[in-house]
Amino acid sequence: MIFLSLFYTFFMIGLFGFGGGYGMLSLIQHETVETHHWLSTAEFTDIVAISQMTPGPIGINSATYCGYTAIHNAGYGHLMAVLGSATATFALVLPSLVLMILISRMFIKYMNTQPVRSIFAGLRPAVVGLLAAATLLLCNKENFSTPMENPWQFFISCALLAATAFGTGYLKINPIRMICYAGFAGLLLLY
Amino acid sequence: MNIYWDSFKTFFKIGIFTLGGGYAMIPLIEEEVVNKKQWVSKDEMLDLIAIAQSCPGVFAINIATFIGYKLKKTRGAIATTVGTALPSSLIILAIAIFFSQFKDNPYVAAIFRGIRPAVVALIAVPTFRMAQRAKIGWTNCWIPVVCALAIWLLGVSPIYIILIAALAGYLYGMFIKPTES
């Protein structure tokens, strides 16, 4: 049963995931964390971090990892969890495969028509909102703690957020290197 | 050499060597597919990128499917798609198996407590970059703001946001400003 809903969920994510990997994040987060509770916010954030550091598209990475972890968290063994990751990845890729084949077969001449362009023009600002929502949803106490609960961790977390935004956005430091710096800071300051 | 095997291998290689997601793949795909193998021309590649970007799904998979289909129809598309997805999938699977045993280790936990806030920033930065690319200004900045608040505060599914935005774009282009692209 969980396999079926895993398949359905990632199929929907593949079908409605506009705006590339990042645009997809709020969909993946909404479905796996909020709706199905397969992952906690902290686990989801870890997946994003690991996806950033390993090769390949972030959508594929998250699907594989979510599929594995969701089945594993549900109390199944490793073998079933591997099957879960295959299910999620296949389901994510399937809509792309079908849609791209359909487009190259018959719709390529419609891609530049007025209605299709209007639809994409409407989607573009919404995808920016989706990405903003993914950012906001990750700003919670699982990732930052709270000023009441653990003021030290909260302060360090906010500083790391600001430092990473400045480093990657302004100084153009490679994101992977920035993740390594943040991990090192965590080891030193939050152990 | 068998064309299925060749295209699978090419996209497998592209899948292995791209850190940082789909857009980092474009130069590598161009080098392999346009310059070396000459499966598509440079102009076709530009069209492919435009279509793959506007369609849903993983960008790199969209490109791979497109080129595979152009080469050898549906079976070619399956070869290139599996080739692109397989390396990252296998690597992340190995990490998932490995990480599930180590995440309760206090050192690993501390490292990830540091990484998590950094990840939030890593998603925040492309938000602004994408806003520039989508030409968000004073007149239309309410759209992303409303979308983000609906998801964040009201828990609306992003799927509904996508559907509404597509419909609104269609109606706007149809009835309000038919000349705008």
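Predicted model: local features only at pLDDT ≥ 70, side-chain atom pairs only at ≥ 80, totals over all residues.
Chain A has a mean pLDDT of 86, with 100% of its residues at 70 or more. Within chain A, the highest mean confidence, 92, belongs to helix 1 (residues 2-16). The lowest, a mean of 81, is found in helix 7 (residues 141-144) of chain A.

The contact between the two chains involves 95 residues of chain A and 84 residues of chain B. On the side of chain A that touches chain B, the greatest contribution comes from helix 6 (residues 114-138) of chain A, which supplies 24 residues. This side of chain A comprises 58 nonpolar, 33 polar and four charged residues.

Helix 6 of chain A packs against helix 5 (residues 106-133) of chain B at an angle of about 160°, and the two axes are 9 Å apart. Because angles over 145 degrees count as roughly antiparallel, helix 6 of chain A is assigned a roughly antiparallel orientation to helix 5 of chain B. The crossing of helix 6 of chain A and helix 5 of chain B is left-handed. From helix 6 of chain A, the contact is formed by A:V127, A:V128, A:L131, A:A132, A:A134, A:T135 and A:L138. Helix 5 of chain B contributes B:V120, B:I123, B:A124, B:P126, B:T127, B:M130 and B:A131. By class, twelve nonpolar and two polar residues make up this contact of helix 6 of chain A with helix 5 of chain B, and no charged residues take part.

Key. Residues numbered from 1 in each chain as written. Chains lettered and ligands numbered in written order. Contact = placed C-beta atoms within 7 Å. Helix = DSSP H or I, 4+ residues; strand = E, 2+ residues; numbered from the N terminus. Nonpolar A, V, L, I, M, F, W, Y, C, P; charged D, E, K, R; others polar. Axes fitted to C-alpha atoms, helices over the stretch in contact; angles between N-to-C directions. Parallel < 35°, antiparallel > 145°, perpendicular 65-115°, else oblique. Left-handed = near helix turned anticlockwise from the far one by under 90°. pLDDT = per-residue confidence, 0-100.
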